[in-house]
Amino acid sequence: MTGVEEISAREARRIALAAQGFAERRPAAPGKRHLLKVIERLGVVQIDSVNVVSRTHYLPMFSRLGAYPRPLLEEIAWGKRPALVEYWAHEASLLPAATHRLLRWRMDDARAGVGVWKGVARFLRSHGDFIDKCLAEIETRGPMPASELSLGAKGAGSWWGWSEGKRALECLFWVGDLTTATRRGTFERVYGLPEKVLARDILAEPPPREEAQRELLRIAAQAQGVATERDLRDYFRMGVAETKARIAELVEAGDLVPVKVKGWDNGAYLHADARRPRKITANALLSPFDNLIWFRERTERLFGTKVRLEIYTPAHKRVHGYYVLPFLQGEAITARVDLKAERKKGVLMVQAAHAEPSANAATPGLLAAELKLMAGWLGLDRVEVAPRGDLAEALAAALS
């Protein structure tokens with residue numbers, strides 16, 4: 001990329017960390033406005049039901065804010081007047097309500113069976129009468145989970161053994177005819193009609209497809225600070241051709257600035273308002289689904305660390321453990337801990353602790369402090385360390 005600014009890999013890493021909120025001090029008493037600020041900054045938060053430590057959507061705010069009241073997230077996501085909505089934005093995600101309109105073109109693609117949505121469109125076409133009955137029941141009875149739908153028997157095999165009713169409601173969710181009204185304690189989705197759940201301004205006519213895609217890429221660029229085309233495309237899982245076209249338009253408009261990052265194979269784009277801090281001093285445990293590290297190729301490029309999710313790896317083949325949280329220490333990932341919340345015992349169990357090459361003498365103590373903070377936030381009494389991993393002994397000593 002001739003004639004463009006070249007920045008160092010270290011500066012790029014600091015820009016990325018600042019964009020994700022790690023250049024700011026944690027507030028003394030995190031409240032609702034702090035949560036909303038984090039989510040607005042990130043643009044989208046991935047949802048996942050795995051509850052070995054905590055469901056992942058609670059963790060990005062903890063990483064950036066510390067021990068905030070967990071019910072606050074439930075209130076802004078699934079309360080009477082939610083500020084967030086659910087949709088397939090990255091994966092299954094929570095996102096600011098205003099962003100929902102920017103994804104209407106994706107709902108249209110799902111209805112038309114474009115790309116990965118062929119199965120959704122095929123099911124809707126082949127089950128027209130059944131779909132109409134499902135919608136009519138929710139319109140008559142109000143929001144409900146699939147388990148309370150009077151239609152459809154329990155299925156088996158394909159689509160995770162979902163019932164026909166569950167498949168119908170999920171397809172209707174994908175095309176925007178249903179939305180999430182709330183979640184139950186078991187994390188069961190309760191489906192409702194958008195016009196009865198969402199605010200009127202969210203349901204207003206969406207911007208044209210190209211304009212919506214440009215705005216999504218602006219959000220992705222702001223959340224990442226500096227990013228390659230693939231980084232930007234992955235954030236909201238957009239198509240290759242459309243991403244290329246929209247990036248060119250954003251460059252022309254001055255929203256994105258082409259740059260070269262030393263050591264990166266491909267060119268990159270700097271958000272026009274990206275911060276360039278001289279130092280990052282945050283310490284944070286990161287969910288494996290955290291926005292900072294969810295795109296593994298970018299994580300390795302930024303931190304020189306391969307992060308892999310080993311949940312679906314057979315136990316005897318796992319390297320670091322089942323539910324592993326990397327530890328961000330300043331500007332580096334210095335450790336990984338395989339965690340499990342043993343709620344009946346009141347223990348946050350460190351099943352394994354591994355040091356990264358960038359670990360130093362301060363790592364065990366700083367990691368211990370974060371683990372204690374997390375245990376308290378989860379309502380657990382203490383942290384225990386199993387003797388597995390090259391950092392386990394030092395971490396246990398730091399906790400004692």
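**View A. Helix 10 and the second largest pocket.** Helix 10 gives the most to the lining here, with four residues. Helices (H or I, at least four residues) and strands (E, at least two) are DSSP runs, numbered from the N terminus. Helix 1 (9–19) and helix 2 (32–42) also give two or more residues each. About 380 Å³ of space lies in this pocket. A pocket, on a 1 Å grid over the protein atoms alone, is an open set of points where a 1.4 Å probe fits, with protein on both sides within 12 Å along at least five of seven lines; lining residues have an atom within 4 Å of a point. The volume is the space filled by probe spheres set on the points, which are joined across faces, edges and corners. Of the 18 lining residues, Glu 40, Arg 41, Ile 219, Gln 222 and His 271 sit closest to the centre. The lining splits into seven nonpolar, four polar and seven charged residues (Ala, Val, Leu, Ile, Met, Phe, Trp, Tyr, Cys and Pro count as nonpolar, Asp, Glu, Lys and Arg as charged, the others, Gly among them, as polar).

This is a predicted model: local features need pLDDT of at least 70, side-chain atom pairs count only at pLDDT 80 or more, and totals for chains, interfaces and linings use all residues. Residues are numbered from 1 along each chain as its sequence is written, and side-chain values use heavy atoms, with hydrogens and water left out.

View B. Strand 6 (179–183) and strand 7 (189–192) pair in the antiparallel sense over four bridges (pairing takes at least two DSSP bridges). Thr 179 has Gly 192 as its bridge partner in strand 7. Five residues separate the two strands, and Phe 187 in that turn has a positive phi of about 75°. At 11% relative accessibility, Phe 187 counts as buried (under 20% relative accessible area; exposed is over 50%, partly exposed in between; 1.4 Å probe, protein chains only). Strand 6 is largely enclosed by the rest of the structure, because four of its five residues are buried.

**View C. Arg 237 in its loop.** Arg 237 lies between helix 11 (229–235) and helix 12 (240–253). Its phi is near 50°, a positive value in a residue other than glycine. With a relative accessible area of 37%, Arg 237 is partly exposed.

**View D. Around Leu 371.** Leu 371 touches Leu 285, Val 337, Leu 339, Leu 348, Val 350, Val 383 and Leu 395, leaving aside residues up to four places away in sequence (contact means heavy atoms within 4.5 Å).
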